[in-house]
Amino acid sequence: MKRRDILRSLTTVPFVGGIIAGVVPPGVAIAASKAAKRDLFKELGLRTFINAAGNYTSMTASLMPEEVMEAINSSAKEYVMLEEVQDKVGEKIAALCHAEAAFVTAGCWSALVLGTAGVLTGMDLKKVAQLPKLEGTGMKSEVIIQKSHINGYDHALTNAGVTIITVETKEEVEAAINERTAMLWFLNREAPMGKIQHEEWISIAKKHNLPTMIDMAADVPPVENLWKYNDMGFDLVCISGGKAMCGPQSAGILMGKKDLIAAARLSAPPAGGNIGRGMKVNKEEIIGMYVALESYINRDHQKEWRIWEDRIAVIKNAIDNVAGVTTEVIIPPVANHNPSLVISWDPNKIKITRDGMGEKLRKGNPSIETIAWETENSIRITVFMLKTGQEKIVATRIKEELTMASA
Ligand SMILES: *Cc1c(COP(=O)(O)O)cnc(C)c1O
């Protein structure tokens, strides 16, 4: 069945698990009629869907490309020492991202926890065993954050036992720094909301001989962010592996200064008796993360951006002429920096709520996930998590539902 035929029949035949297997991500070869494989989604009664929402942990985030799956599968076939995998992969990642050292963590969140642990303990194993208790241990206990950077993610730092001190101005940072101050933390996503920008944040910390950490979890593209914050002088940089980089969802990277990375690793597996023993990544994820990072860096980013724009255009063009519909392309400036489409409609002309629309698309064939947007009459979609060709299905389905709801 050609893809054109699949698309034509999608709206008329009931969805059969696997029909969308004809729509593949770039670089994935269509396997010539392989023997029927076990379909665990079907077997378990799981709903699969077209992800027009975006990179969401709850939706299993991203799909790993073929080269990452090959790395995962091939590395599963031998034993190696876990510490050696982290050493070797860490060297490669550090070189790719202009860091002194790096290792693969169980997501960006885990990088935040382990990095903070490293700052607190240094190479002192007694302190490693004492975390998250800080009182009476001689360890520092406060992390300074701009108020606008408080966004739930700072909870990762408090996992290591620290207290968050919030500030707004440079003068407040200076006043907040004391002998208990362990680190100055920066949430890249909220940089536009803060009074103090990256370089100034670093320079205040340097003046007081304090380490800095930046959370840039979802902040590629642009690709150069992978080294920008290391070059800028942040001591620790944390990023997710399974967002736009499409590495393992359970992986992330902690990179930065050699001594801090070595210290952070004391709180991570395979070592036990520490706060990070539950944050395990095995060789498959570590090597998968490395290959995903390398593949992401080497990708044609301009081409990828054009593909996203083309997909947006397919959907926009399909629905722009439905009476009462307005569309707007939005590109978030920092995190999840890729084009998304906000679709709004006049409730007098199109009688459906955003939740109603979301439900119709979810329950349709195939199922499609979108985001309920700011008003009662708008949804938002992103296209960077779609497989090639799925934009046409999304366009057709949204147009159908908007037309059907038209008064
Ligand atoms: C996604 C995200 C995290 C958590 O990253 P994981 O890789 O899912 O652990 C932390 N901080 C920010 C800003 C994020 O967007």
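When I say polar contact, I mean a pair of N or O atoms within 3.5 Å. Keep in mind that this is a predicted model, in which local features need a pLDDT of at least 70 and side-chain atom pairs count only at 80 or more, while totals for chains, interfaces and linings use all residues. Residues are numbered from 1 along each chain as its sequence is written, and side-chain values use heavy atoms, with hydrogens and water left out.

On confidence, the mean pLDDT, the predictor's score from 0 to 100 for each residue, is 93 for the protein, and 91% of its residues reach 70 or more. Over residues 1-28, however, the pLDDT is below 50.

Turning to the ligand, a backbone N or O atom of Trp-109 lies 3.0 Å from one of the ligand's oxygen atoms, and a polar backbone atom of Cys-108 is 2.8 Å from a ligand oxygen. On the side-chain part, an N or O atom of Asp-215 sits 2.7 Å from a nitrogen atom of the ligand. Of the 390 Å² that the ligand exposes when taken alone, the protein buries 87%, with accessible areas coming from the Shrake-Rupley method with a 1.4 Å probe.

Finally, the residues around the ligand, counted when a heavy atom lies within 4 Å of it, include Tyr-153, Leu-187 and Lys-243.

Methods
Contact means heavy atoms within 4.5 Å. A polar contact is a pair of N or O atoms within 3.5 Å; within protein, one must be able to donate a hydrogen and the other to accept it, and residues adjacent in sequence count only if both atoms are side-chain atoms.
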